[in-house]
Amino acid sequence: MRVDIISIFPEYFAPLDVSLMGKARERGILDIHLHQLRDWTHDVHKTVDDTPYGGGPGMVMKPEIWGAAVDAVIGEGRAVSGEDTLPRMIVPTPSGRPFTQEVALEYAKEPWLLFAPARYEGIDSRVVAEYGARLRADEVSIGDYVLAGGEAAVLVMVEAVGRLLPGVLGNARSVADDSFAPGAMANLLEGPVYTKPPVWRGHEVPEVLLSGHHGRIARWRRDEALRRTLERRPELAARLDRESFDKHDRRV
Ligand SMILES: Nc1ncccc1[N+](=O)[O-]
């Protein structure tokens, strides 16, 4: 998968050189290209923003700069891929649709992603209008809080999508077992996890996990997942289909 990121803080993405994403890049599974938005400005101050029409606080990022940058990045990507492929454009914004595991799975199927994180009050809305259809531009939010810019959201999304790519996670099973993964674990939070020693500062590992009885262990894990989901995310629990409860003791 090719990933292009256009930002006025490309150095923000240094974390993508380490850990799982770093290894995925070394192994050619992820091909990440960073671009400094200011390279497409023409004034001496390399200005990328201006005051909002209609007044109001903050600054809005200028459409011409973004248009020049996106067109150039598409051209660069195509020169390499040699086809007339186009990237999926992703614009992180608190006013976007929720970024969920399902969206991560959708993006993981794309051969080419182009992230456009904005600073200030966002990017002039005509940029998404301009690329909307052609690049299937998508405005997404990673949560209901306001960050100083979209760069942290891009880090989150690249990691959530990157770990789903074949070969990135050592044990493919752990993707299927993820919280929120479609299928058996959909809408369920993962329960508590333990490792050696069996007793730590007086805290004992639940004996069922030491029993070696796989049926009982699977049931215990599902009950704990149901309990935690009910306690912490009642709105997810409400979505669980009846059979998830019918299969288990309702007292969970
Ligand atoms: N929450 C956000 N705040 C600022 C920029 C982007 C954001 N987001 O969720 O993608």
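These legends describe close-up views of a predicted model.

**View 1. The shell around the ligand.** The ligand is surrounded by 13 residues. Thr93, Ser141, Ile142, Tyr145 and Leu147 are the closest. Sorted by class, the shell holds eight nonpolar and five polar residues. Charged residues are absent from this shell.

**View 2. Polar backbone atoms at the ligand.** A nitrogen atom of the ligand lies 2.9 Å from a backbone N or O atom of leucine 147. An oxygen atom of the ligand is 3.2 Å from a polar backbone atom of threonine 93. For valine 140, a backbone N or O atom is 3.5 Å from an oxygen atom of the ligand. The ligand exposes 270 Å² when taken alone, and the protein buries 96% of that area.

View 3. Strand 5 (88-98) supplies at least two residues of the shell, and so does strand 7 (138-141). Strand 5 gives the most, with three residues.

View 4. In general, strands of a sheet pair through backbone hydrogen bonds, in parallel or antiparallel fashion.

**View 5. Strand 5 beside strand 6.** Strand 5 and strand 6 (residues 112-115) run parallel and are joined by three bridges. Methionine 89 stands opposite leucine 114 of strand 6. Strand 5 is also the strand that gives three residues to the shell around the ligand.

**View 6. Strand 1 beside strand 2.** Six bridges link strand 1 to strand 2, and the two run parallel. Arginine 2 has aspartate 31 of strand 2 as its bridge partner.

**View 7. The two faces of strand 1.** Strand 1 (residues 2-7) is largely enclosed by the rest of the structure, because six of its six residues are buried. In a regular strand, side chains alternate between the two faces of the sheet. Here Arg2, Asp4 and Ile6 point one way. Val3, Ile5 and Ser7 point the other way. Residues on both sides are buried, Arg2 and Asp4 among them.

Methods
Residues are numbered from 1 along each chain as its sequence is written. This is a predicted model: local features need pLDDT of at least 70, side-chain atom pairs count only at pLDDT 80 or more; totals for chains, interfaces and linings use all residues. Side-chain values use heavy atoms; hydrogens and water are left out. A residue is near a molecule or strand if one of its heavy atoms lies within 4 Å of it. A polar contact is a pair of N or O atoms within 3.5 Å; within protein, one must be able to donate a hydrogen and the other to accept it, and residues adjacent in sequence count only if both atoms are side-chain atoms. Accessible areas come from the Shrake-Rupley method with a 1.4 Å probe; for residues, only the protein chains shown count as cover. Helices (H or I, at least four residues) and strands (E, at least two) are DSSP runs, numbered from the N terminus. Ala, Val, Leu, Ile, Met, Phe, Trp, Tyr, Cys and Pro count as nonpolar, Asp, Glu, Lys and Arg as charged, and the others, Gly among them, as polar. Two strands pair if DSSP finds at least two bridges between them. Buried means under 20% relative accessible area, exposed over 50%, partly exposed in between (1.4 Å probe, protein chains only).
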